[in-house]
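Subject: Structure for you to look at

Hello,

Here is the structure I said I would pass on. Please open it and keep it in view while you read the notes below.

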Amino acid sequence: MTVKLIRNAYEAGLTMTAVLLSWGAALALEGAAGLHTDVLVLAVALTLTLAATQRTADTRRRLMSLMLLPVTVAASIFVGRLLASHYAAGAAVFTAGMALAIWIRRFGPAATKAGTLIALPLVALLVVPGPALPAEAQSGLVTWGWAALIGFMACCSVWLVQALGDRRGPWRAAPTPDPPPHRSRLHPRPSTRMALQMAAAIATAFVLGRFLFDDHWPWAVLTAYVAASGNRGRTDVLRKGVERLAGACVGTLLATGVAEAGATGHTAVALMFAVLAVALWLRPLNYAYWAAGMTTALSLLLGYFGQNAESLLPTRLAAIAVGAVLSVASAWWLLPVPRRRATARSETRLSEASDNGSSGMWGQ
């Protein structure tokens, strides 16, 4: 266990180094170009999610990310604008994009990796989307061109730090070979089933999220995505839903304590990065640690943007519970994937980026 904790700390250190490098570059860009603070959030979110998916990537895969991620990040900005102006249409496009990212796994490892790059910026969009910001913070949001540049910078930061870590650090990450092709006898195929489950959970989360939580709908949608992605069977989805909710409850207590302490400004930013580092360190032990850390970090972030994070915590917990229930219901009753088949597929877990990171990773 001691060796595992040390290795986890090393990997978390690499990720946070890449995050801080990307954040610093975005901060310089924000000052030089007069951009809004959301470019910093986008840089941190993309770097966190990308670091998890690129750790064992070979040069070819990293080059593919360098070419595709800026394009998909730019496209996600249009989705965000659509959500702000035409919620139903934006929700439909977002849902279709997430389902597509899973469905195309049927075409092999290269398509699976491309699907990951489609999902990453969409997950990042849920962290602090324009509609969820205070009114005074919604002007001057990042445009598609600047977003593409942020995506490119995130790729470069991750590649540079991980390459130096492999060259100079005590551990070297070996590229993961593509799994051998496996033709499932399940019909519809597991990828199709998981895509339909994801679409149903996310679409319902959009509807209920807007109806029940107004502009705070992203919490329900993100939870539905995180719990349903990387579906290894009904029990797996149930476990992730429970762990996410439990972690969010613990994070709520931590966030309340931070709010009462009156941490604001640069102090809040420093605390947010510290919480992210600890959450990354403990994430391999149990997903609940990550969910708790993200709840606290995002509370600090929303407070930085002017929202009363403490008063919104009950709303966040309720939204997380709704998203978790939707993902579990979808996995259990809509074309369920048997655990043995889901495991045999050895398909890339998109949520590892968002929980995850993405989003995976942003298990707030």
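**A buried serine**

Ser-157 is buried, with a relative accessible area of 5%. (Buried means under 20% relative accessible area, exposed over 50%, and partly exposed in between, with a 1.4 Å probe and protein chains only.) Ser-157 sits in helix H6, residues 144–168. Helices here are DSSP runs of H or I with at least four residues, strands are runs of E with at least two, and both are numbered from the N terminus.

The side chain of Ser-157 reaches the backbone oxygen of Met-153 at 2.9 Å. That falls under polar contacts: a pair of N or O atoms within 3.5 Å, where within protein one must be able to donate a hydrogen and the other to accept it, and residues adjacent in sequence count only if both atoms are side-chain atoms. Leaving aside neighbours within four places in sequence, Ser-157 is in contact (heavy atoms within 4.5 Å) with Ala-18, Leu-21 and Ser-22.

**What you are working with**

This is a predicted model: local features need pLDDT of at least 70, side-chain atom pairs count only at pLDDT 80 or more, and totals for chains, interfaces and linings use all residues. Residues are numbered from 1 along each chain as its sequence is written, and side-chain values use heavy atoms, with hydrogens and water left out.

The protein has 13 helices and zero strands. Of its 364 residues, 57% are buried.

**H1 and its partners**

Start with helix H1 (residues 2–33) and helix H2 (residues 38–54). Their axes come within 9 Å and cross at roughly 155°. That makes H1 roughly antiparallel to H2. Axes are lines fitted to C-alpha atoms, for helices over the stretch in contact, and angles run from 0 to 180 degrees between N-to-C directions. Angles under 35 degrees count as roughly parallel, over 145 as roughly antiparallel, 65 to 115 as roughly perpendicular and the rest as oblique.

H1 passes H2 in a right-handed crossing. (A crossing is right-handed if the near helix is turned clockwise from the far one by less than a right angle, and left-handed if anticlockwise.) On the H1 side, the residues that meet H2 include Ala-18, Ser-22 and Trp-23. Among their partners in H2 are Val-39, Ala-43 and Leu-48. By class, this contact of H1 with H2 has 11 nonpolar, three polar and one charged residues. Ala, Val, Leu, Ile, Met, Phe, Trp, Tyr, Cys and Pro count as nonpolar, Asp, Glu, Lys and Arg as charged, and the others, Gly among them, as polar.

H1 also packs with helix H10 (residues 265–282). The axes of H1 and H10 come within 8 Å and cross at roughly 145°. This crossing is right-handed. H1 brings residues including Leu-5, Met-16 and Trp-23. H10 brings residues including Phe-273, Leu-276 and Trp-281. The contact of H1 with H10 has 13 nonpolar, two polar and no charged residues.

**H2 against H3**

H2 packs with helix H3 (residues 59–85) at an angle of about 150°, with the axes 13 Å apart. That makes H2 roughly antiparallel to H3. H2 passes H3 in a right-handed crossing. Leu-42, Leu-46, Leu-50, Thr-53 and Gln-54 in H2 meet Arg-61, Arg-62, Ser-65, Leu-69 and Val-73 in H3. The count by class is five nonpolar, three polar and two charged residues.

In helix H8 (residues 218–228), 11 of the 11 residues are buried, so H8 is largely enclosed by the rest of the structure. Trp-219 and Tyr-225 are among them.

Asp-214 lies in the loop between helix H7 (190–213) and H8. Asp-214 is partly exposed, at 47% relative accessibility. Its phi is near 55°, a positive value in a residue other than glycine.

Val-250 is in helix H9 (residues 234–261). At 46% relative accessibility, Val-250 counts as partly exposed. Val-250 and Ala-288 are 38 residues apart in sequence and 8.8 Å apart in space, C-alpha to C-alpha.

Ala-163 lies in H6. At 37% relative accessibility, Ala-163 is partly exposed.

Best wishes
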